[in-house]
Amino acid sequence: MNAIFKDHEVSLRVQTKWWTNRIAIYATLLIWAAICLFPIFWTITTSFKLAPDVMKGNLIPWWDFTPRWKGWESIGLSPRLIGEVSTVREEFFKRFWNSTVVSISASLLAVILGSLAAYGLSRFSYRFGFMKNSDISFFFLSQMILPPVVLALPFLVLYKSLGLLDSRIGLILLYTLMVLPIVIWIMRDQFQGIPIELEEAALVDGLGIWGAFLQIVMPIALPGMVAAFILSLVLCWNEYFFAALLTSTNATTLPVMVASQTGSQGINWWSMAALSSAAILPLVIVAIVLEKYIIKGMAAGAVK
Amino acid sequence: MNTDGDLLHTVTTDNISDSRKRLGKLMVWGTALFCVMLALQQTIYQSGRASIGFETWRPILYAYMLWATALCAAQVIVNGEKGKRTLFVLPAALFVISLVVFPLLFALYISFTDWNLASPKGPQPNGWDNLVQMWNDSFYWNALTNMVYYVLAVSVEYVIAFGLALLLNAQISARKFFRIVFLLPLMLSPVAVSWMIGKSMLEVRFGPISRIIRDLGGEPTFFGNPEIARFMIMAMDAWTFIPFMMIMLLAGLQALPSEVLEASKVDGASGWQSFKEIIFPLMLPVSVTAVVIRIIFKLKLADIIINVTSGGPGGATDSVTSFIFREYRDRSNVGYGTLLAMVYLVLIVIFVTLLLKLVSRWMERPA
């Protein structure tokens, strides 16, 4: 049938329309992909450039400039320097380690606290004074609108008197607070999707409510918890404001290090580019490997 | 969505002896008393009237944590099975209350003092002086006006994000590749972005974008002109956060009932018609959630501004957060800065409440 009508004028018109449509869709997708990728490409290639390459605006490696390790040498991460002792590299790894410890512990703490609270709120009815379940949920979620700047100065003074200024624990506590509402939001959605009959069966079989939660519900909700964890990890890793105010030498995280170098480097773009690439690469890898979970986390709650 | 119902109802017969109840109460009150005593002792020590005390307040923090643990444990000891249920929510609630409510009360106090970290006197209450100063501070009002522009920019971001979500939802190959690529900007830290784009790509002499503009015969200025500088900040922020809305909208699109879309196709609706009459109305709830959350994030905008323009030129790109950040960083004006932050919080709460009210009223009467 198709073969007969293929050259008909109407079907030709449909075909051209279909093709223009296709081309338009892919062109837009490709343009936006270029917009997303170019800054990353730019940063990574710049980290292999020398001063003349930067000034001439060379773009494509091996074609209009030869990649050199100069930028990476400035943070002690080039093949030549990798065996030697380098103070810059130690400095970099110290910041990297701080970022890792702070963001992983804060996310973990937030996921534990948040999952428990979200589970409780989705299963039992509470009454704390005048607050019922919906009020408690609202109380937790309303923390999202709290701008960090309101808490920053009181925390500065508070941490000073507690001796927590410039310590990882101080940052962990604050970051946990910052991501907790988001975790509760995601997890509440997850738990509401799990049928209560499962726990009822577990209770009948003799488990307590905590046993039912830990042995029956937790394994089912695990993907959701991973999603919440990854999303918190991204937010904590990139946090700058609190870290800039509350840390000075010991506990500074990577964003603070990057920010402190931007002003002083001038046209030494290669070293800034190397530092920026090293700071963004872990999350780029996380995004590529765990994309499924990130999307799951952000989609939760969007669709009721 | 039923959140108030007792969904998982358990009936238990708890026989809790009086002595057990007494033990629980003793634990809570004992540790609370201990914590208060320590705090009192430390206050007296710091004011110089006692010789015994700690170097920092950290031991009081430990005592407070002891009290919090005792409070959680006492729930189970006193209330039995009911307490085990409370234990789900209590840790998170205690955590948030101690880290938000106390600092907020403290902030309220310092916002009415003339505290400057550089001054040796410490905080001195100064009544309404800070408010008067704020009223006359044209830079603060300027920052607030900028926030209005920044929030309005969300509408453009929404249109772009919706378009991208529609494209990703279309019949395309390599969808996973595009999804990952589109997601990437969200993963990058705003600080890195402000160097990558703001400080190098938009650099006037050697940046690739200035080069293109110069080749086209223009004269590149990005952060010299107030309007262009503000636009550039908006663009950078949009670049990082469009994926966020895009993914929420994509999730909404994928959850649309396919029967309705097919029915509209059978009835002969064109692409634009089915978008206007079916997809967009069905997507309203998701859109509203995405936009509201995006606005909430936008109200915290600071990192990029601090690192790229530090508010310049002449405060044209300042957001409230970056303005207060500099007020603290450059002038150590804790008292005044905190007052500005508190006023901002009040404004935000009013704004978001109104927004949610409006949205919920509007959603009840779909157009």
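Entry 1, a helix pair. The axes of α5 (residues 87–123) and α10 (residues 209–238) of chain A cross at roughly 140 degrees and come within 8 Å. Axes here are lines fitted to C-alpha atoms over the stretch in contact, with angles from 0 to 180 degrees between N-to-C directions. Helices are DSSP runs of H or I with at least four residues, numbered from the N terminus.

I noted the residues that make the contact (C-beta atoms, placed from the backbone, within 7 Å): among them are A:Ser99, A:Ala110 and A:Tyr119 of α5(A), and A:Phe213, A:Phe229 and A:Trp237 of α10(A). By class, I get 14 nonpolar, 6 polar and no charged residues there. Nonpolar means Ala, Val, Leu, Ile, Met, Phe, Trp, Tyr, Cys and Pro; charged means Asp, Glu, Lys and Arg; the others, Gly among them, are polar.

The model is predicted, and local features need pLDDT of at least 70, side-chain atom pairs 80 or more, while totals for chains, interfaces and linings use all residues. Residues are numbered from 1 along each chain as its sequence is written, with chains lettered from A and ligands numbered from 1 in written order.

I find 82 residues of chain B in contact with 83 residues of chain A. Helix α3 (residues 81–110) of chain B gives the most to its side, with 14 residues.

Technical notes
Contact = placed C-beta atoms within 7 Å. Helix = DSSP H or I, 4+ residues; strand = E, 2+ residues; numbered from the N terminus.
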